[in-house]
Amino acid sequence: MFHQLTDALTVVLHDPQALAPDAVTRLRALGIDVVEGPVSRVLGEAGTLRGVEVPGGTVTADAVVVASFVEPLSPLLTTLGLELTDLEMMGRVMARSLAADAVGRTAVPRVWAAGNLTDPMSQVVMAAAAGVRTGAMVNAEMVTEDQARRLEQLD
C-alpha cells in the first residue's frame, strides 16, 4: 500500500518470521528493499526523523510506519464462551475479532456485539453506525420477547 505513496520504500522486518518467504520475494520483485531487523531504535535529531537502527547499520527514512495488531482483550469474552476469529491478509493474521452476524448477534444467546469488536477495520463512524444497528436489533428482540410473554399470560 505504501508503494503508492513513494518509490523510496524499505520494509524492515522486526521479526524475520513475520512474512512468508514468498511475500518477501514479491516485495523485492516490486523493487521494495527488505531488511531484517530487529529495529533497536528510531534515529533523529532536533525533532527530525533520520531513520532506524538495525543490526549492522541504519536504514535512512523520513517516515516510519509500524504494523499494529488489533485484538479484543476482555476476559469477559472468553468467560461467556465467545470465540475470536482471525482476519488474515496475505497469509498473515492481521487482527482478531468477535464472531457475530450482520446485526451483531453472537453465538451466545442474548449477547450482542458491534463496532470494531466485530470488525477490527472499522473507523469510528462505521463502528458507531454498527452500534446503532445492533441496538435497534436488541430492542426489537426485547419487544418480541415481551409480546410473546404477554400473549402466553393470556392463554
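This is a predicted model: local features need pLDDT of at least 70, side-chain atom pairs count only at pLDDT 80 or more; totals for chains, interfaces and linings use all residues.
Alanine 46 sits in the loop between E3 and E4. Most residues other than glycine have a negative phi, and most peptide bonds are trans. Is alanine 46 buried or exposed? Alanine 46 has 85% relative accessibility, and exposed means over 50%, so alanine 46 counts as exposed.

Arginine 110 lies in the loop between E7 and H3. With a relative accessible area of 59%, arginine 110 is exposed.

Glycine 56 has a positive phi near 85°. Glycine 56 belongs to the hairpin of E4 and E5, which has two residues between the strands.

| Residue | Angle |
|---|---|
| Glycine 56 | phi near 85° |

Glycine 37 and proline 38 are joined by a cis peptide bond, with omega about 10°. Proline 38 is found in the loop between strand E2 (33-36) and E3.

**The open sheet**

In what order do the three strands of the open sheet stand? The order is E3-E4-E5, and the pairing is antiparallel. Strand E3 (41-45) and strand E5 (57-60) are at the edges. Each has a single partner strand, so one side of each has no neighbour in the sheet. From one strand to the next, the twist averages 35°.

Now look at one pair. Strand E4 (residues 48-54) and E5 run antiparallel and are joined by four bridges. Valine 52 stands opposite valine 59 in E5. Glutamate 53 has threonine 58 in E5 as its bridge partner. In a regular strand the side chains alternate between the two faces of the sheet.

**The helix H3**

Helix H3 covers residues 124-154, which makes 31 residues. How far apart should its ends be? At 1.5 Å a residue, the helix should span 45 Å.

Which residues of H3 are buried? Among them are Ala127, Ala130 and Thr134. An α-helix has 3.6 residues a turn, so residues three or four places apart point the same way.

Threonine 118 lies in the loop between E7 and H3. Its relative accessible area is 25%, so threonine 118 is partly exposed. Threonine 106 is twelve residues away from threonine 118 in sequence. In space, the two are 9.6 Å apart, C-alpha to C-alpha.

**The largest pocket**

The largest pocket has a volume of about 1800 Å³. It is lined by 47 residues, and Phe2, Val11, Val65, Val66 and Ala67 are the closest to its centre.

Which element gives the most to the lining of the largest pocket? E1 does, with four residues. Several elements each supply at least two residues of this lining: strand E1 (10-13), helix H1 (21-29), E5, strand E6 (84-89) and strand E7 (92-98).

What kinds of residue make up the lining of the largest pocket? The residues divide into 32 nonpolar, nine polar and six charged.

Definitions and conventions:
Residues are numbered from 1 along each chain as its sequence is written. Side-chain values use heavy atoms; hydrogens and water are left out. The expected span of a helix is 1.5 Å times one less than its number of residues. Buried means under 20% relative accessible area, exposed over 50%, partly exposed in between (1.4 Å probe, protein chains only). Two strands pair if DSSP finds at least two bridges between them. Axes are lines fitted to C-alpha atoms, for helices over the stretch in contact, and angles run from 0 to 180 degrees between N-to-C directions. On a 1 Å grid over the protein atoms alone, a cavity is a set of points where a 1.4 Å probe fits but cannot get out, and a pocket is an open set with protein on both sides within 12 Å along at least five of seven lines; lining residues have an atom within 4 Å of a point. Grid points are joined across faces, edges and corners, and a volume is the space filled by probe spheres set on the points. Ala, Val, Leu, Ile, Met, Phe, Trp, Tyr, Cys and Pro count as nonpolar, Asp, Glu, Lys and Arg as charged, and the others, Gly among them, as polar.
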